[in-house]
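Have the viewer open as you read.

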Amino acid sequence: MTDALVVVLTALNSEYAAVRQRIVNPKSHRHERGTLFEVGTIAGSRYRAALALTGKGNHSAAVLAERAIDEFAPVAVLFVGVAGALWDTPLGDIVVATHVYAYHGGTSEDDGLKARPRVWEIDHGVYQLAARVARERSWLDSAAAVDAVPEVHFGPIAAGEVVHNSRRSAEAAWVRRNYNDAMAIEMEAAGVAQAGHLSGSPVAIVRGISDRADGTKTTGDDRVWQPRAARNAAAFAMRLAEELIRERELAVRDRKNENRDHNEGAGNPAPSVTNIAFGQVGIQTGALTGSNVWVATTPQPAPQADLVGELRRFRKELRQQRDSGTIPAEVYEEAQRALDSADDAAEERTPDRAERVVHALGRVRRAVSEVGELAAKVTALIAAVKGVS
């Protein structure tokens, strides 16, 4: 099983349930601030997903998306659920955002409200994979309703802070006039898109059309179409999640092969080893200049062994600081969880090992930021890891 995963977020319990049905053997994962994730394997694959519920609204979606990105460093964040159609997209069909409008931005002037939107475009690689999944249609096997086969549409999605259920209201007319290319309207995509943009994580917004946002839906319609639209969106999104992780694996493997080919090419010596070390350093060399060095007579340990040792020593010092009362128990536990992630990454030999260790150590540094001595040591560790390639 790969360590890479995707984060899947939903706003409603029905959307959560639709995704949850496609995750096998989920294990609860509690964020330090109380957010609960379920982490498991995507059904029918060996790939992992972390699932969480954000509740309604762009603000809470943005906070929890950034929290998930920081916690898991995912391949991508997928926001999955239902939306209203602004025009004539059939119920049950899926809209994948090509870009997201945050439409609640404007200036009020004497002649009316003028739109000042913010917009985020979908990551190009995510778009390419989503288009391929849509073309291949393999996601349909367990998703399509008996009486209708859903289609996948790509286009803008408008995200605001109100529920739209009218075609005649001033707000509905304003949205349709200023965002007349938007295919769907909802309340979370702008928050998730901005969190992904600020955190450097690709984002995909996948919405099943559950109503027409025009005042025609009824409670009975919701009971039929919300679960169906949510199931369709979940089926497509989880298939896309598999492809995203598979592409990441292929990219890592290709980089590994390129490095090997380069090192084994004509005129290249055996791969060199850079050690992480602190204090006295042993060096094997034919010519040596400088001071405060000594020449080793036996091979030095590989970076992996050095890093694991440094993490072990830092963990011991962290425990001593807790025992002396310098840091509170909750800070100690937070740092320990991040160190566990750093240990797991350090013991691997994958091309993205250093990146994952640095990410985990960043979490350690934030946890101990009030203790200058510890924070400085973590900073030195991060700098050392970044010097290993």
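## The tyrosine cluster

Y101, Y103 and Y179 are joined into a cluster by ring pairs; rings of Phe, Tyr and Trp (its six-membered ring) pair if their centres lie within 6.5 Å, and planes under 30 degrees apart count as stacked, over 60 as edge-to-face and the rest as tilted. This is a predicted model, where local features need pLDDT of at least 70, side-chain atom pairs count only at pLDDT 80 or more, and totals for chains, interfaces and linings use all residues. Residues are numbered from 1 along each chain as its sequence is written, and side-chain values use heavy atoms, with hydrogens and water left out.

## F37 and F72

There are five aromatic pairs in the structure. In one of them, the ring centres of F37 and F72 sit 5.0 Å apart with planes at 80 degrees, so this pair is edge-to-face. F37 is buried (under 20% relative accessible area; exposed is over 50%, partly exposed in between, with a 1.4 Å probe and protein chains only), at 1%. F72 is buried too, at 17%.

## Arginines at work

R315 is buried, with a relative accessible area of 17%. Its side chain makes a polar contact with the side chain of D343 at 2.4 Å; that term covers a pair of N or O atoms within 3.5 Å, where within protein one must be able to donate a hydrogen and the other to accept it, and residues adjacent in sequence count only if both atoms are side-chain atoms.

Elsewhere, R322 lies over the face of Y332, at 4.3 Å from the ring centre (CZ of Arg or NZ of Lys within 6 Å of the ring centre and within 35 degrees of the ring normal). R176 lies over the face of W87, at 5.9 Å.
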